Amino acid sequence: MLINPTLKSEVLQDQVAIVTGGSRGIGGAAAEMLAANGAHVVIADVDKQETEEAASRICNEYGADRVSTFVADLIGVDACDQLVEKVLNDHGRIDTVVNSAGYAWDGGIHSMSDDQFQAMLDIHAIVPFRIARASAPYFRQAALDDNEAGIERHRKTIMISSMAAQWGLVGAGNYATGKAAMLGLMRTLAQEWGKHRVNVNAVAFGGVQTRFGLPQSEHEVVESGGHKIHVGVAHKRAEALGLKIDRDAPPTNEEIYSPRANKNTLFGRNGTIREAADAIFWLASPLSDFVTGQVIAVSGGAQGGMS
């Protein structure tokens with residue numbers, strides 16, 4: 001198990017959820033949380049090995065009927081259309097979309113290339129837009145079918161954003177911009193899709209412990225759009241923060257996901273990916289059926305900018 005889910009139930013029984021970036025980190029925790037509560041989860045990710053390992057983990061814990069995979073670089077022009085088409089062909093329905101695919105490619109604005117800035121818009125804004133566009137005909141028809149059958153059923157789209165979208169983020173203005181763009185898309189979709197009973201919300205995370213908070217190494221690399229990005233904290237800043245990981249050995253899950261001290265949160269620590277998954281599950285569940293167009297801050301009460 002990647003996490004020990006806070007809740008295990010059949011609340012989402014018979015539902016189908018797409019989780020992009022669902023092999024690791026917050027996306028992986030969300031995939032496991034949704035599966036633990038009855039959903040069939042389609043993990044859509046660029047990393048074939050990590051995706052297969054995540055699917056195997058969920059299959060072993062919750063059963064083969066709880067998981068399937070779609071391996072592709074989602075910024076490819078047709079990838080999002082193919083994802084939605086495959087899910088509908090294989091499962092006949094989509095109940096939840098969690099737009100969790102993302103990464104950071106840090107740098108100061110003064111020295112940032114066009115490709116570096118565009119890459120963050122592509123993965124954090126263009127991909128969710130394309131998935132929404134591809135899903136729209138199904139959501140519209142499903143709502144019409146529900147109306148005809150006298151059923152009131154809600155479907156969910158969830159954007160995984162960041163408090164950086166609100167505060168900005170020194171050294172990662174491209175990331176902050178991409179995450180802010182998600183919020184404009186979310187609010188517009190909520191208005192356009194409310195009549196179809198599709199709830200569209202965002203979770204803005206701050207200070208959640210993931211691999212992006214570790215020192216950069218050859219073991220933590222994202223390949224997308226022809227770029228190879230070493231994710232994580234630059235070595236000089238990592239040293240200043242007291243982050244020490246053996247750069248020559250792959251970090252363990254404990255090293256990656258155990259919360260570290262964080263004086264910027266009211267609890268004095270980072271959040272966990274399980275705590276992140278809890279918020280996503282709430283938005284995917286019937287508990288949030290009257291919530292739409294909202295940004296849910298999950299940041300341990302942190303205030304102001306992030307360093």
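Helix α4 (residues 114-149) packs against helix α6 (residues 173-193) at an angle of about 15 degrees, and the two axes lie 7 Å apart. Angles under 35 degrees count as roughly parallel, so α4 and α6 are roughly parallel to each other. Keep in mind as you explore that this is a predicted model.

**Where α4 meets α6**

The crossing of α4 with α6 is right-handed. On the α4 side, the residues that take part are Q116, F117, M120, L121, H124, A125, P128, F129, A132, A136 and F139. Their partners in α6 are G173, N174, Y175, T177, G178, K179, A181, M182, L185, L189 and W193. Sorted by class, this contact holds 15 nonpolar, six polar and one charged residues.

**Two further helix pairs**

Helix α4 also meets α3: their axes come within 8 Å and cross at roughly 40 degrees. This crossing is right-handed. Here C80, D81, L83, V84 and L88 of α3 touch V127, R130, I131, A134, S135 and Y138 of α4. The contact between α3 and α4 counts eight nonpolar, one polar and two charged residues.

Now look at helix α1 (residues 25-36) and helix α9 (residues 273-284), which pack at an angle of about 55 degrees with their axes 8 Å apart. That angle makes α1 oblique to α9. The crossing of α1 and α9 is right-handed. From α1 come G25, I26, A29, A30, M33 and L34, and from α9 come I273, A276, A277, D278, I280, F281 and A284. By class, the α1 and α9 contact has eleven nonpolar, one polar and one charged residues.

| Helix pair | Angle between axes | Axis separation |
|---|---|---|
| α4 and α6 | about 15 degrees | 7 Å |
| α3 and α4 | roughly 40 degrees | within 8 Å |
| α1 and α9 | about 55 degrees | 8 Å |

**A residue from the start of the chain**

What does T6 contact, leaving aside its neighbours within four places in sequence? The contacts of T6 are M33, R274 and D278. T6 itself sits in the segment before β1 (16-20). The C-alpha atoms of T6 and R274 are separated by 7.5 Å, although these residues are 268 residues apart along the chain.

How many cavities of 30 Å³ or more does a search of the whole structure find? The search finds two. The second largest cavity holds about 50 Å³ of space. Around this cavity lie V42, S68, T69, F70, L83, K86, V87, D90 and H91. Two elements, β3 (67-71) and α3 (79-91), each give two or more residues to this lining. The largest share, five residues, comes from α3. By class, the cavity lining has four nonpolar, three polar and two charged residues.

Methods. Residues are numbered from 1 along each chain as its sequence is written. This is a predicted model: local features need pLDDT of at least 70, side-chain atom pairs count only at pLDDT 80 or more; totals for chains, interfaces and linings use all residues. Side-chain values use heavy atoms; hydrogens and water are left out. Axes are lines fitted to C-alpha atoms, for helices over the stretch in contact, and angles run from 0 to 180 degrees between N-to-C directions. Helices (H or I, at least four residues) and strands (E, at least two) are DSSP runs, numbered from the N terminus. Angles under 35 degrees count as roughly parallel, over 145 as roughly antiparallel, 65 to 115 as roughly perpendicular and the rest as oblique. A crossing is left-handed if the near helix is turned anticlockwise from the far one by less than a right angle, and right-handed if clockwise. Contact means heavy atoms within 4.5 Å. Ala, Val, Leu, Ile, Met, Phe, Trp, Tyr, Cys and Pro count as nonpolar, Asp, Glu, Lys and Arg as charged, and the others, Gly among them, as polar. On a 1 Å grid over the protein atoms alone, a cavity is a set of points where a 1.4 Å probe fits but cannot get out, and a pocket is an open set with protein on both sides within 12 Å along at least five of seven lines; lining residues have an atom within 4 Å of a point. Grid points are joined across faces, edges and corners, and a volume is the space filled by probe spheres set on the points.
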